[in-house]
Amino acid sequence: MDKDTIICRCEELSFEEIEEVICLGAESFDDIKRITRCGMGPCQAKICADLVSKMIHEQTGKIYEEIPMPRMRMPVSPISIETLSTNSQHFSTVKSVLDEVELEDGKVR
Amino acid sequence: MNTSYETIIIGGGVIGNSIAYHLSERYREGVLVIDKKYPLSGTSGSTQAWVWVHNKTPSSYAEFSMYSAELYPYLSRKIGDVEYKRTGGLSPFFNEKDRDKAKRLAESYREIGIKIKVLSREEVIEKEPSINPNVAGATFSKIDGNVNPFRLADMYMRAAKKNGIEYSYYNEVIDIQKKNDQFIVFSKNGEYTCKNVILAGGTWSRELGKMVGVHIPVNQVRGQILVTEPLKPFINYTISGMRQANNGEVLIGYSMEEAGFNRSTTLDVMQETANMAMYYIPDLGKAKVVRAFSGIRAVPEDGLPIIGKVPSVENLYVATMHSGITLSPLVGTLMTELLVDGDTSLSIAPYSIERFK
Ligand SMILES: Cc1cc2nc3c(=O)[nH]c(=O)nc-3n(C[C@H](O)[C@H](O)[C@H](O)COP(=O)(O)OP(=O)(O)OC[C@H]3O[C@@H](n4cnc5c(N)ncnc54)[C@H](O)[C@@H]3O)c2cc1C
């Protein structure tokens, strides 16, 4: 493949940019993702996942079938916050930062 | 293969890398960073990455965080653009009775010279027009901001490597032994000897401590984050709960759960986070969520960092904490002073592991 070939369309990453991270020791798609943002765009790695696995296989000699797949992240296909929301205004796990400030005898601890 | 080092740093997150980089400014040879995976696979790769000072308690800990925030502009000049932005930080409250708490927080900070304003409803809306108009007020501080955590770790690493620091990835440390004045570090790919060992294993610090018979009391606290599609810039400040990154994505979430090392995302917390998003900024309802991720915080038992020498084992050092993104420039600087000069320019005594005795 040409050095300038785009591997990740959403984040516009070329063959060369991904090759560099593999040279630095990356062994999985997620290693490359965290350094370059490859696969973090709206398509959620649907286009680039296999291309990147092939690159890792070709450059490191690792067995293709053993290269870990990217970790798919919910919701896989984008949905609106509205759809996800339940309209509840009761928060238990999600906190406000001020909730964590504790008072002791009327003073900040 | 070189197997003998002056110093071995176990853990290549922002903390291990900051220490490596700052050490490399003082001595260039004989430092090895070992990671069981690839950089950013720990907590540093799954974080909100606020550089956050205000709301931290006790106020001495806020002061400590402030010194670290102050180092960021200087750090960017040394290692390259880490997309640090001092946006100012806004912690909104929606209930008038929280104003009193906010005022007391501001008071306790005034004593140490950190300025926080307690804003009225109108002032919040003026600063952040898209916020829920039902907001009651907010605390505000100019010193807060955020950074790109991926760039931060990557730049630390590149600068450290350029200065001669060695790295070994996909190389899990399985045991550490002390023989006379030397440590022997046993790893998946071989054995190394060294004089100093620095434990910077984040969430895994407890396990690393066990290898040398030291109790490091850190617990795991999971946090889940929603990431939106890129939106036009419209959130001006780092809001406690969300921030907008340079590429337009909004990172939303401030959740705490005990789930051990389980890094799944769960629908209930995603929904609650979506509720929070719309409660804070109603317009976010229309925004698309591209992904959700979760990370595991390493939270020491009393919430404060554990930094410095481990007195019971000579030449053993530890650096683990929550808020490692905020604290990394300062921790790297102070740990380097401790190793090279034997003392630190700013006291780290309150953060000694001794306090858990
Ligand atoms: C959801 C969430 C939001 C957060 N928001 C913020 C924020 O806004 N601001 C802020 O300052 N902080 C925040 N944090 C916390 C911050 O991300 C962490 O404090 C920081 O990343 C810790 O860095 P670290 O280097 O200590 O740990 P890590 O990044 O976890 O690095 C530890 C490394 O040690 C390696 N390791 C462990 N055991 C071994 C072994 N046996 N052998 C070899 N290697 C080993 C691991 O592979 C890992 O790479 C947040 C955390 C979460 C989860």
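**Notebook: strands and interface, chains A and B**

I began with strand E10 of chain B, which pairs with strand E11 (residues 190-199) of chain B in the antiparallel sense over five bridges. I count two strands as paired if DSSP finds at least two bridges between them. Helices (H or I, at least four residues) and strands (E, at least two) are DSSP runs, numbered from the N terminus.

The model is predicted, so I took local features at pLDDT of at least 70 and side-chain atom pairs at pLDDT 80 or more, while totals for chains, interfaces and linings use all residues. Residues are numbered from 1 along each chain as its sequence is written, chains are lettered from A and ligands numbered from 1 in the order in which they are written, and side-chain values use heavy atoms, with hydrogens and water left out.

**Entry: around E11(B)**

Ser187(B) has Gly190(B) as its bridge partner in E11(B). Val185(B) stands opposite Tyr192(B) in E11(B). The two strands form a hairpin with two residues between them.

I then asked what else pairs with E11(B). Strand E1 (residues 4-10) of chain B runs parallel to E11(B), joined by six bridges. There Tyr5(B) stands opposite Cys194(B). Strand E18 (residues 316-320) of chain B also runs parallel to E11(B), with three bridges. In E18(B), Leu316(B) is the bridge partner of Val197(B).

**Entry: E9(B), E10(B) and the turn**

I moved to the other partner of E10(B). Strand E9 (residues 173-179) of chain B pairs with E10 (residues 182-187) of chain B in the antiparallel sense, over six bridges. Lys179(B) stands opposite Gln182(B) in E10(B). This hairpin has two residues between its strands.

Phi of Asn180(B) is near 55 degrees, a positive value in a residue other than glycine. I noted it because most residues other than glycine have a negative phi.

**Entry: cis peptide bonds**

Next I looked at omega. The bond from Met74(A) to Pro75(A) is cis, with omega near 0 degrees. Pro75(A) sits in the loop between helix H3 (49-60) and E3 of chain A. In chain B, the bond from Thr57(B) to Pro58(B) is cis, with omega near -5 degrees. I place Pro58(B) in the loop between strand E3 (50-51) and helix H2 (59-79) of chain B.

**Entry: overall dimensions**

I compared each chain with the globule rule. The radius of gyration is taken over C-alpha atoms, and the rule is 2.2 Å times the number of residues to the power 0.38. I find four helices and five strands in chain A. Along the sequence they follow the pattern β-β-α-α-α-β-α-β-β.

Chain B has a radius of gyration of 21 Å, which agrees with the value near 21 Å for a compact globule of 357 residues. Its C-alpha trace spans about 65 × 45 × 40 Å along the principal axes. I find eight helices and 18 strands in chain B.

**Entry: the interface**

How many residues are in contact across the two chains? I find 47 residues of chain A in contact with 60 residues of chain B. Contact means heavy atoms within 4.5 Å. The buried area is about 5,000 Å², and carbon and sulfur atoms give 60% of it. Buried area is the accessible area (1.4 Å probe) that two parts lose on being put together, summed over both. In chain A, Arg34(A), Ile81(A) and Leu98(A) lose the most area to chain B, together 15% of what that side buries.

I counted three salt bridges between the chains. A salt bridge is a side-chain nitrogen of Lys or Arg within 4 Å of a carboxyl oxygen of Asp or Glu. Arg158(B) makes a salt bridge with Glu20(A), with the closest N and O atoms 3.1 Å apart. The elements that give two or more residues to the chain A side are helix H1 (15-23), helix H2 (29-36), strand E3 (79-80), helix H4 (81-84) and strand E5 (107-108).

Last, I looked at strand pairing between the chains. E3(A) pairs with strand E16 (residues 288-300) of chain B in the antiparallel sense, over two bridges. Ser80(A) has Lys288(B) as its bridge partner in E16(B).
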